[in-house]
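We'll take a walk through it, one spot at a time.

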Amino acid sequence: MQFMTPIRAAMAAAVAAVALTAPVHADTWRGWNIHPKGYPNTTAIEKFATDVDKATDGKLSLKVYNGGILGDQSDAIEQLRAGALEFANFNLGPMGPVVPMTDVLSLPYLFKSPEQMHHVMDGPIGKEFAAAMEKKGIVVLSWYDGGSRSFYNTKHPIETPADMKGLKLRVMNNDLYVQMVAQLGGNATPMAYGEVYQALKTGVIDGAENNFPSYDSSNHYEVAKYYSVDDHLILPECLCISKKAWDKLDPALQDEVRKAAIASADDQRKLWAEDVKKSEAQVKASGVKVNTVKDKAAFQDAMKPIYAKFETEHPEFKKVIEQIQATE
Ligand code: GTR
């Protein structure tokens, strides 16, 4: 028997150990998710991961990284496009800087209700958005619910745009939201989701905006005790795959992954509907003052210059805006 040097012996042992512990799966996918355990999107994307694993007999093994530990959404979008991440649940809000057409969805008060948003996104218009995203390396497999977003702050209830005056508010990374807050008289700061709690606590910002489930799960309600329902944004979310990973799959595997993603969106929407009620009740029980803006038209009117500017800068998107507005 040939004598092995200690280094060669150590290398051989390491190779053997890797062989023993190496997954039987042909491919391992990493998934980005910003939400914590128990959040509707988390439960739904984790189910997607286990379903794909099962349906492909382990040819694909998916692992979800929760709580944004792989970075904030803007970073994750770039990682997914580069193929460093294979799947994710993204909010379409911060997608605008990468896929300009998706900025249409960030126009305040575009959709009339979350139901209308689903109707639009599940139909031919949704396919147009998916095609624009695919050109940028992001394959949309299904659309999740994101409810509707409203303002909350540490100072006072917002009843009219005048109550927004001077408030420092965190927005997601998209210039349209900076314009939206400015039109209402506030000052917007784009900031990563994970930094908002501390910024509220230390008074760096006075408030932010989100749906009830995120306001609750992020614990922002502990610090910002006034939630004012004005429903200024209804944003779809997607379950997306990196085009780099998608193109490596044969059609049969693509089919399994797509089926699991559609089932995952069904799960998410059901869980979401329950969680919207639960989280609203929860924050109210903890002492949050929730008020509903009576004159929503005043907020909507303040958004008109944003539409005018957007349509001047992007005449190519005027038609889709009108089509969305005309859909029931
Ligand atoms: C949540 C959304 C997240 C993230 C977050 C935020 O409602 O689900 O993807 O966009 O809002 O405000 O950054």
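First, some housekeeping. This is a predicted model, so to speak of a local feature here takes pLDDT of at least 70, and side-chain atom pairs count only at pLDDT 80 or more, while totals for chains, interfaces and linings use all residues. Residue numbers start from 1 along each chain as its sequence is written.

Let's begin with the helix pair. Two packed helices are described by the angle between their axes and the distance between the axes. Helices here are DSSP runs of H or I with at least four residues, strands are runs of E with at least two, and both are numbered from the N terminus. Helix α2 (residues 40-55) packs against helix α11 (residues 251-285) at an angle of about 155°, and their axes are 8 Å apart. The axes are lines fitted to C-alpha atoms, for helices over the stretch in contact, with angles running from 0 to 180 degrees between N-to-C directions. Angles under 35 degrees count as roughly parallel, over 145 as roughly antiparallel, 65 to 115 as roughly perpendicular and the rest as oblique. α2 and α11 are therefore roughly antiparallel to each other.

Which residues in α2 and α11 meet? On the α2 side they are P40, N41, T43, A44, I45, K47, F48, D51, V52 and A55, and on the α11 side E256, V257, A260, A261, A263, S264, D267, Q268, L271, W272 and D275. Contact means that the C-beta atoms of two residues, placed from the backbone, lie within 7 Å. By class, this contact of α2 with α11 has twelve nonpolar, four polar and five charged residues. For the classes, Ala, Val, Leu, Ile, Met, Phe, Trp, Tyr, Cys and Pro count as nonpolar, Asp, Glu, Lys and Arg as charged, and the others, Gly among them, as polar.

Now over to the ligand. Around the ligand you'll find I34, Q73, N91, G93, G146, M172, Y193, N210, N211, S214 and E237. To make that list, a residue needs its C-beta atom, placed from the backbone, within 6 Å of the molecule. By class, the shell has three nonpolar, seven polar and one charged residues.

Y109, in the loop between β3 (87-91) and α4 (114-121), has phi near 65°, a positive value in a residue other than glycine. Is Y109 buried or exposed? Y109 is buried, because 23 other C-beta atoms lie within 10 Å; the cut-offs are 20 or more for buried, 12 or fewer for exposed, and partly exposed in between, with C-beta atoms placed from the backbone. N219 has phi near 65° too, again positive in a residue other than glycine. N219 sits in the loop between α8 (212-217) and α9 (220-223), and counts as partly exposed because it has 13 C-beta neighbours inside 10 Å.

Finally, two valines. V99 is in the loop between β3 and α4. Leaving aside neighbours within four places in sequence, V99 is in contact with A132, M133 and K136. V320, in helix α14 (residues 318-326), is in contact with V104, I125 and E128, with neighbours within four places in sequence left aside.
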